[in-house]
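Please read this briefing alongside the sequence and the coordinates.

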Amino acid sequence: RLMGDATGHGIGPALSVSQVRAMVRMGARLGAPVDEIVQNLNRQMVDDLPPGRFITAFVGRFDGQTGTLTYCSAGQAPLLIIRADGSFEELSANAMPLGIDPDQVPEAVEPIRLQPGDLFMMLSDGYFEAHDPDDAMLGVEPVIKTVNDAPLATAKELLATINHTAETFVRGRKFDDDRTAIIIKRMR
């Protein structure tokens, strides 16, 4: 799984994210570990991006048999783990965004283990930083409540519900940023 967000708007940042996607796919095809893929991505982005530009990225590999998510998050956060019992963990990124420091080594993190009914969720800042007409931000808590209110929902159903929560919250105000999601729910 990959989620990336480049600084800026337009063709240049879109091409940079496309480059990251292609490199992640090649690394995955070659069987490279996630942290190695991210280190190589970072070195390439340092060479390719103009000064002041960077890309936040989450790269993960999920094993559906064991429920294990091995990941590296380069500036992309928060990572949310919502357990079947309603408890949750909010994890931070374990590396700086790509393209800043050529010698960056991601902080080692334990893989996330999902049990049946557990959920991993990564939403882009377009969700959490959505503003209502009074300029209040949506934040994390309403999203967690939305998920906990629908414990039997599939990942697809949860995304629709989260979108509804965000759209209701902004009350017609235009979203300031795009909304992208990765939702992994272990069903069994």
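The model is predicted, so local features need pLDDT of at least 70 and side-chain atom pairs count only at pLDDT 80 or more, while totals for chains, interfaces and linings use all residues. Residues are numbered from 1 along each chain as its sequence is written, and side-chain values use heavy atoms, with hydrogens and water left out.

**Helix packing**

- Two packed helices are described by the angle between their axes and the distance between the axes; the axes are lines fitted to C-alpha atoms, for helices over the stretch in contact, and the angles run from 0 to 180 degrees between N-to-C directions.
- Helices (H or I, at least four residues) and strands (E, at least two) are DSSP runs, numbered from the N terminus.
- Helix α1 (residues 11-29) packs against α2 at an angle of about 150°, and their axes are 10 Å apart, which makes α1 roughly antiparallel to α2; angles over 145 degrees count as roughly antiparallel, under 35 as roughly parallel, 65 to 115 as roughly perpendicular and the rest as oblique.
- The crossing of α1 and α2 is right-handed, a term for the near helix being turned clockwise from the far one by less than a right angle, with anticlockwise giving left-handed.
- On the α1 side the contact (heavy atoms within 4.5 Å) is made by Gln19, Val20, Met23, Val24, Gly27 and Ala28, and on the α2 side by Ile37, Asn40, Leu41, Gln44, Met45 and Asp48.
- These residues of the contact of α1 with α2 divide into 7 nonpolar, 4 polar and 1 charged, where Ala, Val, Leu, Ile, Met, Phe, Trp, Tyr, Cys and Pro count as nonpolar, Asp, Glu, Lys and Arg as charged, and the others, Gly among them, as polar.
- For helix α4 (residues 141-148) and helix α5 (residues 155-170), the axes come within 10 Å and cross at roughly 140°, so α4 and α5 are oblique to each other.
- The crossing in which α4 passes α5 is right-handed, and the contact involves Pro142, Val143, Thr146 and Val147 of α4 together with Leu158, Thr161, Ile162 and Thr165 of α5; by class, this contact of α4 with α5 has 5 nonpolar, 3 polar and no charged residues.

**Buried positions**

- Asn42 lies in helix α2 (residues 34-48), and the side chain of Asn42 reaches the backbone nitrogen of Gly99 at 2.9 Å.
- Apart from neighbours within four places in sequence, Asn42 is in contact with Pro97, Leu98, Gly99, Ile100, Asp101, Pro102 and Gln104.
- Ala95, in the loop between β5 (88-91) and β6 (112-113), is buried, with a relative accessible area of 12%.
- Not counting residues up to four places away in sequence, Ala95 touches Cys72, Ser73, Ala74, Gly75, Gln104 and Pro106, whereas Ala95 and Ala28, which are 67 residues apart in sequence, are 19 Å apart in space, C-alpha to C-alpha.

- Ala84 has its place in the loop between β4 and β5 and, leaving aside neighbours within four places in sequence, is in contact with Pro116, Gly117 and Asp118.

**Backbone geometry in loops**

- A cis peptide bond, with omega about 0°, joins Ala77 and Pro78, and Pro78 is found in the loop between β3 (68-74) and β4 (79-82).
- Asp135, in the loop between α3 (125-128) and α4, has a phi near 75°, a positive value in a residue other than glycine.
- Arg171, in the loop between α5 and β8 (181-185), has a phi near 45°, again positive in a residue other than glycine.
- Not counting residues up to four places away in sequence, Arg171 touches Asp132, Pro133 and Asp134, and the C-alpha atoms of Arg171 and His131, 40 residues apart along the chain, are separated by 9.2 Å.

Definitions and conventions
Polar contact = N/O pair within 3.5 Å; in protein donor to acceptor, adjacent residues only side chain to side chain. Buried < 20%, exposed > 50% of the residue type's maximum accessible area, 1.4 Å probe, protein only.
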